[in-house]
Amino acid sequence: MALIKSISGIRGTIGGKPGEGLTPLDIVKFTSAYGSWVINHTQNPKVVIGRDARISGEMVSKLVSATLQGLGIDVIDLGLSTTPTVELAVPLEKAGGGIILTASHNPVQWNALKLLNDKGEFISDLEGKSILESAENEDFSFAEVRKLGKYTQIDDYIDRHVDHVLRLNLVDKDAIAARKFKVVIDCVNSTGGIALPKLLRALGVEDIEEMYCIPDGNFPHNPEPLPENLRDISEKLKKGKYDLGIVVDPDVDRLCFMNEDGSPFGEEYTLVAVADYVLSKTPGNTVSNLSSTRALRDVTEKRGGQYKAAAVGEVNVVNKMKETNAIIGGEGNGGVIYPESHYGRDALVGIGLFLTHLAKFGKTISRLRATYPNYHISKNKIELTPEIDVDKVLEAIKKKYSKQPINDIDGVKIEFEKEWVHLRKSNTEPIIRIYSESESQATADHLANKIMLDIREVVKGSN
């Protein structure tokens with residue numbers, strides 16, 4: 001069993017003992033702390049909630065709703081929804097915050113509470129620490145019987161979200177419809193199975209092959225949209241009947257594309273391609289995190305803009321985007337943040353912009369991919385055991401490579417001539433992530449393996 005408390009929320013495996021897994025007691029305690037924060041820090045004792053389709057979602061949702069009502073907070077329940085849909089709904093409903101019930105790309109046994117402020121954006125580091133402290137100290141009190149919160153269900157917010165995408169200036173429905181795209185989608189049996197078909201039809205895509213679009217939470221494969229988990233859609237595309245494949249994660253904030261021949265477009269290149277299109281129409285600055293491909297910097301500078309790197313985590317990317325007036329940004333895991341829409345990763349917005357770009361490009365998706373710099377990222381991880389002192393490990397690696405340019409705003413990123421490697425402790429899993437990038441996959445893998453060997457030597461030496 002696992003329970004991870006972080007500034008962005010609480011995440012864990014369902015079941016077990018309180019404090020060791022994501023149990024009903026943990027859910028109630030944490031929701032109580034967050035609800036109290038909403039009451040104390042906003043003028044609107046109202047919270048929007050929505051969930052992905054994972055099996056535990058309904059149970060978690062009922063606990064969260066009842067707890068918020070017990071605090072005197074009105075609940076707007078969107079039911080089966082997406083992370084960006086809830087983000088859009090919070091300000092539209094004039095709510096004091098929002099909770100998204102999703103463990104994102106984690107397997108079926110996990111669930112989580114992601115916390116939003118009254119703008120529909122993720123809460124800050126400081127706010128997260130304050131909520132964690134309140135939960136730990138059980139620093140909250142509940143409403144008397146005549147002041148309990150109301151409960152309301154709204155079931156058309158995904159439709160409103162689709163309409164919102166169609167209204168974006170840079171989304172060209174006519175151009176998309178004219179291309180008569182044949183698309184195959186994999187929605188991992190979660191809420192993308194509701195949202196993507198609606199969006200694609202609204203954009204004028206008539207030929208849609210739906211894979212795993214029944215939102216029952218029975219994930220047919222590991223739900224993280226990485227190439228090794230996408231063999232089924234790849235095989236479907238290899239038959240040559242489709243122009244492209246579209247894949248989302250369970251809560252529809254990560255987006256990746258597949259080429260017409262079944263090869264991956266590359267999740268790192270989702271943001272690169274979308275940014276290239278946006279920059280071609282509205283020049284400006286871009287932001288991604290330290291673990292994302294340098295191709296975004298290349299594309300941005302080519303278009304006359306400035307690129308900046310942020311610490312990993314959506315809230316950090318958003319803060320850097322606001323600071324630099326970035327017109328597009330996101331993360332290399334397929335997360336597109338387009339401020340013209342809202343400050344959150346949104347696969348639906350990403351699809352609208354990408355399909356417009358591809359339609360206007362006029363050639364195949366693989367030809368589009370070939371127009372971008374060809375970098376390769378190696379993504380690796382080391383499982384953490386209690387005896388590993390992560391800070392000590394990072395300090396030792398930093399010292400070993402002190403002659404290289406180093407960025408330590410989030411873990412340690414070491415720059416080499418045409419390569420980089422970034423190692424950091426995950427906020428959501430008990431692992432150290434080691435990402436490296438080079439112009440060849442073999443070099444990126446070699447660099448990552450060398451650093452992992454260095455880490456193991458540090459750990460061995462300290463035991």
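Trainee: Asp276 first: buried or exposed?

Mentor: Asp276 is buried, at 10% relative accessible area. Buried means under 20% relative accessible area, exposed means over 50%, and partly exposed is in between, using a 1.4 Å probe and protein chains only. Keep in mind that this is a predicted model, where local features need pLDDT of at least 70 and side-chain atom pairs count only at pLDDT 80 or more, while totals for chains, interfaces and linings use all residues. Residues are numbered from 1 along each chain as its sequence is written, and side-chain values use heavy atoms, with hydrogens and water left out.

Trainee: Where is Asp276 found?

Mentor: In helix α9. Helices here are DSSP runs of H or I with at least four residues, strands are runs of E with at least two, and both are numbered from the N terminus.

Trainee: And which residues is Asp276 in contact with, leaving aside its neighbours within four places in sequence?

Mentor: Val299, Arg303, His357 and Tyr372. Contact means heavy atoms within 4.5 Å.

Trainee: What's the angle at which α9 and α10 pack?

Mentor: Helix α9 (residues 268-281) and helix α10 (residues 295-302) pack at about 10°, with their axes 9 Å apart. The axes are lines fitted to C-alpha atoms, for helices over the stretch in contact, and angles run from 0 to 180 degrees between N-to-C directions. That makes α9 roughly parallel to α10, since angles under 35 degrees count as roughly parallel, over 145 as roughly antiparallel, 65 to 115 as roughly perpendicular and the rest as oblique.

Trainee: Which residues make that contact between α9 and α10?

Mentor: From α9 you have Tyr269, Leu271, Val272, Ala275, Asp276 and Leu279, and from α10 Ala295, Leu296, Val299 and Thr300. By class, the α9 contact with α10 has eight nonpolar, one polar and one charged residues. Ala, Val, Leu, Ile, Met, Phe, Trp, Tyr, Cys and Pro count as nonpolar, Asp, Glu, Lys and Arg as charged, and the others, Gly among them, as polar.

Trainee: Now α1 and α2. How far apart are their axes?

Mentor: Their axes are 9 Å apart, and helix α1 (residues 24-41) packs against α2 at an angle of about 40°. That makes α1 oblique to α2. The crossing of α1 past α2 is right-handed; a crossing gets that name if the near helix is turned clockwise from the far one by less than a right angle, and left-handed if anticlockwise.

Trainee: Which residues meet there, α1 against α2?

Mentor: Pro24, Ile27, Val28, Thr31, Ser32 and Gly35 of α1 meet Val60, Leu63, Val64, Thr67 and Leu68 of α2. The class count for α1 with α2 is seven nonpolar, four polar and no charged residues.

Trainee: Switching to charges. How many salt bridges are there?

Mentor: The count comes to 28 salt bridges, each being a side-chain nitrogen of Lys or Arg within 4 Å of a carboxyl oxygen of Asp or Glu. One of them joins Lys62 and Glu58, at 3.5 Å from N to O. Both lie in helix α2 (residues 57-70), four residues apart, about one turn of the helix. Lys62 is exposed at 55% relative accessible area, and Glu58 is partly exposed at 45%.

Trainee: What about Glu93, which residue does it form a salt bridge with?

Mentor: Arg160, with the closest N and O atoms 3.9 Å apart. Glu93 sits in the loop between α3 (83-92) and β5 (97-101) and Arg160 in helix α5 (residues 157-167), so the pair ties together parts that are 67 residues apart in sequence. Glu93 is buried at 16%, whereas Arg160 is partly exposed at 34%.

Trainee: Last topic, backbone. What's the phi of Asn189?

Mentor: It's near 55°, a positive value in a residue other than glycine. Asn189 is in the loop between β8 (182-186) and α7 (192-202), and Asn189 is buried at 10% relative accessibility. Glu138 also has a positive phi, about 50°, although Glu138 is not a glycine. Look for Glu138 in the loop between α4 (125-137) and β7 (151-153).
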